[in-house]
Amino acid sequence: MQIKVTINDKLVTWDVEKDEFLADTLRSHGFLSVKKACETSCCGLCTVWVDDKSVLSCSILSLRVHGKKITTIEGVPKEAEEFARILTAEGAEQCGFCSPGFIMNVLAMKNELVNPSENEIIHYLTGNLCRCTGYMGQLRAVKTYLGVVEG
Amino acid sequence: MKSVGQSIRKIDGMAIATGKPVYTQDLATPNALVVKILRSPHAFAKINSIDISRAEKMEGVECIITFKDVPAGRFTLAGQSYPEPSPYDRLILDEMVRYVGDEVAIVAAVDEKTAFQALKRIKVDYEVLEPVLDFEQAVGHSTVVHPEEDLSCNFDIGLQKEKNVASSFTEEVGDVEEEFKRCDVVVEGVYYPQAQSHAMMETYRAYTYLDHTGRLVVVSSTQIPFHIRRQLARALQIPASKIRVMKPRIGGGFGGKQTGSVEVFTAIVTLKTGKPAIITYDRKETFSCTTSRHAMRLKVKLGADREGLIRAIDMEVLSDTGAYGEHAATVLSCVGHYTLPLYNKTRAVRITGNAVYTNKMPAGAFRGYGATQGTFALESTVNSLAEQLGLDPTEVRLKNISKEGETFLTGQGVLLGSTSLDRCIRKGKELIGWQDKFPSREIGQNKVRAVGMAVTMQGSGIANIGTASIEIRLNDDGNVTLLTGATDMGTGCDTILSQMAAEILEIPMENIIVSAGDTDTSPFDPGSYASSTTYVAGTATIKAATELKKKILEQGAKFLGVSPEDAEMNGLAVRSVSGEQEIGLAKLAELTILGAGKLQLVGYATHGSEVSPPPYVAGFAEVEVDQETGKVELIDYVAVVDCGTVINPNLARMQAEGGIAQGIGMALYEEVRYDELGKMATNSFMQYKIPCRKDIGKVRIAFEESFEPTGPFGAKSIGEVVANTPSPAIVHAVYNAVGVKINHLPITSEKVFLGMQKS
Amino acid sequence: MFTLVDLVQPDNLAEAYQILSDKRNNTILGGCAFLKMGSKRIGTAIDLTNLNLSYIREQAGFIEIGAMTSLREIETHTQLREYFNGVLPKSVHNIIGVQFRNGVTVGASVYSKYGFSDLITALLALDTEVELYKGGRMLLVDFLNKPHEKDILVKVWVKKNNRKAAYLNLRKSASDYAVINVAVSKLDDQWTIVVGARPSKAAIAVRASAALSKGKLSVEEIEGAAQRAAEELSFGTNARGTSEYRKALCQVLVKRGIMEVLHANQSDN
């Protein structure tokens, strides 16, 4: 079946299977930043935006995004690079595998929350698992990025 | 120093953080065959027959392989230097299946859907056998997990297959029994550290194809390219020269990818079909069909005099290696190896142990590698001892720990080259606020806060076994290429080695190209494991860079018409010491390598260490326990680390924070569990909970540098030692809070609650 | 592996219901978070996206929540954070993460009657009704007790009143399913105690609620009600906890819930 979507500001028509999930569709079209790491909708690695909201692309049937606007990290290179510079300056990307999904959710948070507290940041990002960093370095990077003052 | 000691961003950081296609799956061609595995539903069974006819006929199915189609020689998947101290107890596919998830058939098809459908059409008739599931019942069980005749070992590791013993180990110095009689206080404890999953974010995967000369090329998310090449050569019975293994970027390993869990399945498909093939384990397979940390039972007995000097230590270990013996012997021996040297006022120590086969997923290498389990047991017992003696546990450590220049009983006279563990303990006490907080205080609303602590050590590389070779060459354009077989898996070793080379060569890091992890082009390196890369490959880098620098200076001096002693590096140039003459590296390279020069300048070194100097951590936990529910909340964790010189503070801190978090996971949340039939019950992130960012509390890292005389720039290792303290320190804190001592990990609120009910 | 034969996006409920009834394995899609886990074989998957069922609106004394409303919308809705001491947002707060809650829908959460549901426990402590396309409007408690029947949950009605409420839970780790969850509420002198993740589905502790409503709310009575709740409800054992532990936790959390509601009441007055 065909879907029409706006992917990173380009209108495209894609053929998808009925039981195909968005993460697979995106990867098959070369958006290889999109990673999968669970089958249970709980790791956050596949995070992309559908109509500017963070969602788990591994558990959205591709047919259901017909007519919608999809954004991957490839679609926000400037913002992603700005934050990635801070993240990597901390060394908090480590293996990097969870970073694209994490960055997408950080950017979504920046767009949604005004002056979030440390607890609000942690809460917003809880759905992004990471096994390398222990999260502290990511938190330092996010606080630097958002200009959160200690205390 | 310009490069060493600086928090330099990882050279691959921006690419991996922003999602560039640099991991194994990203590199596979879209037409690669998709490889899937049919797995045993039984914990122990013999395959009577397999009918693949219905699957084989399917359109799109390219190849189906069963035990009848694989070479007969047994091998091990443990990533260890040859001759591996792990039993050769595997076939690619075996007539016997030894755990739920063991491989029965390999299917390759044009796409995933077809491969899955083919799996369903394979009919297997099993003779189901009684499994051994409880590792405490394994020795002498009527079921023998490995009855086969052709199982072998490279040398004696204490294997007694008819008793289900994969390996046994004894080490004793002095007379332990006599020494206990002389002790004023003797404490004992039995501890059960659980099986833990690595749970790296990138699941296991490998991509294979044949190159233009018909050689097998394996692109794999592995920590051990050279070991994979050797394993594949043995398993597939082809010459190693016909195999090339490449490691791209890796999404985490933690020791899991020190075992060759997947490469052989896709390699055999490519050999049989001649076609590219990819295998990508899903999360369920990653949890239930690879390896985990060894679950253990440790009985510890400690004897001390009234002043608190530990005089005798006795440890008895039982380790569950599961269905296959990867890393069984070495993890077992490391339990004592990385704990007993902590305390050297001892007069007698003994450690004995068995690693036993059971019908569960095999255990394997995992960050900490026996030290984690040993530290939990020994440190918990030392905390009990301190309590019995009425002494502050930090003081007991300070009295007993080995100091610089000292020896220890099991150390065969080797002097301890560096330690700042005493400073680590003092610093940690200060940071956590030990004086005010130890042992506990009520804070109202049925909540108690308390602190606990533990110390640990690890090694840096494997003495007299681990080696690393580094080649650094001056390129024709004046840049240099560093070639290494070390395997950056997110740890940052490509960057760390560059920093060291840049420091020696006195050139900016941007002028260093790192070429890593390719068995065709990299000099030999066993891979990144055993906390070896910074220490062993780092030293090799210094040696290679020093050699290259000498050659560059000699060559530069020639062009400048001065003696080599009168030449020095000046940025990207060689100049005379007087500063009057200078030749740029680019020009030097051009004149040397091209045309009439005919001389490629190369620095090359192989390094192996005769010692494995221990890094140390003093870990301190503060918890809050709800006295009505048993709920434990980790408030604060302080780890003070002695890794010698810190080469890259940010990357070292990240290793430490991540290791502590993994240790916290083991202490509080994680546990590999099986049902009564031996099926893994924790095969997803919903059932196996690694910590999320709300579960960690606050983790604080501090460094107390020492200077290791045998290390590169004084450095030791950091990758593993950081995983060990959370379990004993948090157990200690919970005990101090509510008087409940948890000896079976993980600490759950229910266990704490039940403990409070009893007391 | 799950399979799916067809996917349709009907324009009205009648059509959706017709397709649902056509075949036994035709299924309404929620957020699809759990779809990949099992080996479910779906015939026609029915996507309600086009039916405009994503809304939270207030009218005629009720808050109406459409079936396709995401849990994240519950969590962030300004009025819901005020009403009933924010018990509904609190109840969904710990479910995995923002991305997950952006996908998972109220309709699927309630209709599935999952034992581990946090939302059902909170809703049950309020004056909640569900509206089913075929079955019509009924109390949530009746819906939960009714045998499973194929239908479409259209919306949830929560009566707007001055009910004070509290939601508590205990999780082994922050993003895990709850070992147990509890919601306690009070309207005038009438108390409702709900316990979920027992691990079977949420239920009202009827006798404990009644006893509490009659008493004077002394410490002894509160503790007695908590004990009674733990005794009148049944608890089971799974990987997250034993029945004994759940029973003990029930008592502690119910007591705390009552105290929290009392406290909320006092700070309001």
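## Two domains of chain A

Domain 1 of chain A and domain 2 of chain A bury about 1300 Å² between them, and carbon and sulfur atoms account for 65% of this. Buried area is the accessible area (1.4 Å probe) that two parts lose on being put together, summed over both. Within domain 1 of chain A, the three residues A:L45, A:W49 and A:I73 supply 44% of the area buried against domain 2 of chain A, more than any other three residues. The structure is a predicted model, in which local features need pLDDT of at least 70, side-chain atom pairs count only at pLDDT 80 or more, and totals for chains, interfaces and linings use all residues. Residues are numbered from 1 along each chain as its sequence is written, chains are lettered from A and ligands numbered from 1 in the order in which they are written, and side-chain values use heavy atoms, with hydrogens and water left out.

Domain 1 of chain A covers 2-74 and domain 2 covers 75-146; such bounds come from an automatic or database domain assignment. The centres of these two domains, taken over C-alpha atoms, are separated by 20 Å. Contact (heavy atoms within 4.5 Å) joins 15 residues of domain 1 of chain A to 17 residues of domain 2 of chain A. Between these two domains of chain A there are zero salt bridges, a salt bridge being a side-chain nitrogen of Lys or Arg within 4 Å of a carboxyl oxygen of Asp or Glu.

The interface of domain 1 of chain A and domain 2 of chain A has eight residue pairs in polar contact, both residues at pLDDT 80 or more. A polar contact is a pair of N or O atoms within 3.5 Å; within protein, one must be able to donate a hydrogen and the other to accept it, and residues adjacent in sequence count only if both atoms are side-chain atoms.

## Domains 3 and 4 of chain B

Chain B is divided into four domains, among them domain 3 (418-450 + 614-759) and domain 4 (467-608). The C-alpha centres of domain 3 of chain B and domain 4 of chain B lie 40 Å apart. In this pair, 14 residues of domain 3 of chain B touch 15 residues of domain 4 of chain B.

The area buried between domain 3 of chain B and domain 4 of chain B is about 1100 Å², with 65% from carbon and sulfur atoms. On the side of domain 3 of chain B, B:I647, B:P712 and B:F713 supply 43% of the area buried against domain 4 of chain B, more than any other three residues. Zero salt bridges are counted between domain 3 of chain B and domain 4 of chain B, and four residue pairs are in polar contact, both at pLDDT 80 or more.

## Chain C against chain B

In the interface of chain C and chain B, 23 residues of chain C are in contact with 20 residues of chain B. The area buried between chain C and chain B is about 1900 Å², and carbon and sulfur atoms give 54% of it. In chain C, the residues that lose the most area to chain B are C:M1, C:Y245 and C:R256, together 28% of what that side buries.

Three salt bridges are found across the interface of chain C and chain B. B:E628 forms a salt bridge with C:R256, with the closest N and O atoms 2.8 Å apart. Eleven residue pairs are in polar contact between chain C and chain B, both at pLDDT 80 or more.
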